[in-house]
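Subject: Structure handover

Hello,

Please find the structure below. My notes on it follow.

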Amino acid sequence: MAYTNTGCGLAAMLTLLGACGEASNDPDDVTLDPVVNFASLTAEADRLDTRAQSLPTVQAGNIPDMGVVTYNGIVSLNPDEGPDLIGNLRLEADFVGSGIGGGVDNIINDDDQAYTGSLGITGDIVRTGDTNINATLSGTINNTSGELTTLLSTMTGAFQGLGTDMASGTVSGVISGGDYGDTGTGVDGTFAAER
């Protein structure tokens, strides 16, 4: 029997952040704090990374062969040159077909500048060795000046927890255009997501 389980930890955290406002003597004069910024996403990435490290890695032979699970989390990208990027990750694991899908959106840089567009994820669940997530993270986004930025990278990682509660790993590739120049620059990073 296939099932889908969608995590809600990040959504709950962002809802709480959005509910906070600055104090004012005028009840109609309330300025909401930004719901998403680089610092809040970095804090969430740190929380997810700490949780992933605390869970046992699922051995290749114990990866489920039933169900479709959606993991929600964060991708952090650290180019060799240019601003760091961070965004919301949706990772879909099809344990029946051994496929990986999903995407990254709400991408912002370390100056809290938002990029439009999203990145796509396609790949496989590998049932041998220590690297059980093997996928491509790629696509084109636009910076605040409307300049195209293209990312081509790989995602490699593993599942954690007795119930494959999390997925985490590393990103490595090239980013070019916009803030990263026509010739581009190397980029690496991390991802972590939970049910």
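How many cavities of 30 Å³ or more does the count come to? The count is 2. A cavity here is a set of points, on a 1 Å grid over the protein atoms alone, where a 1.4 Å probe fits but cannot get out; points are joined across faces, edges and corners, and a volume is the space filled by probe spheres set on the points.

Before the details, some ground rules. This is a predicted model, in which local features need pLDDT of at least 70 and side-chain atom pairs count only at pLDDT 80 or more, while totals for chains, interfaces and linings use all residues. Residues are numbered from 1 along each chain as its sequence is written, and side-chain values use heavy atoms, with hydrogens and water left out.

The protein chain has a mean pLDDT (the predictor's confidence in each residue, from 0 to 100) of 87, and 82% of its residues reach 70 or more. Residues 1–34 have pLDDT below 50; beyond near neighbours in sequence, this stretch has 45 contacts (heavy atoms within 4.5 Å) in the model. Where pLDDT is low, the predicted coordinates should not be read in detail.

The fold: eight strands form a closed barrel in the order β1-β2-β3-β4-β5-β6-β7-β8, with antiparallel pairing. Neighbouring strands of this sheet are turned by 25° against each other on average, direction ignored. Strands (E, at least two residues) and helices (H or I, at least four) are DSSP runs numbered from the N terminus, and two strands pair if DSSP finds at least two bridges between them. Helix α2 (residues 38–54) lies across β1, β2, β3, β6, β7 and β8 (185–194), at about 40° to β2. Axes are lines fitted to C-alpha atoms, for helices over the stretch in contact, and angles run from 0 to 180 degrees between N-to-C directions.

Two hairpins share β6. β5 (residues 133–142) and β6 (residues 148–160) are antiparallel and joined by 10 bridges, with T136 partnered by T154. In their turn, G146 has a positive phi of about 80°. β6 is also joined to β7 (residues 166–176), antiparallel, by 11 bridges; G157 stands opposite G169, and S153 has G173 as its bridge partner. G161, in the hairpin of β6 and β7, takes a positive phi near 95°.

Back to the largest cavity, which holds about 40 Å³. Its lining residues (an atom within 4 Å of a point) are V75, L77, L85, I86, G87, V104, I107, L119 and L137. β2 (85–94) gives the most, with 3 residues. By class, 8 lining residues are nonpolar (Ala, Val, Leu, Ile, Met, Phe, Trp, Tyr, Cys and Pro), 1 is polar and none is charged. Asp, Glu, Lys and Arg count as charged, and the others, Gly among them, as polar.

Regards

How values were computed: 1 Å grid on protein atoms, 1.4 Å probe; cavity = no way out; pocket = protein on both sides within 12 Å on 5 of 7 lines; lining within 4 Å.
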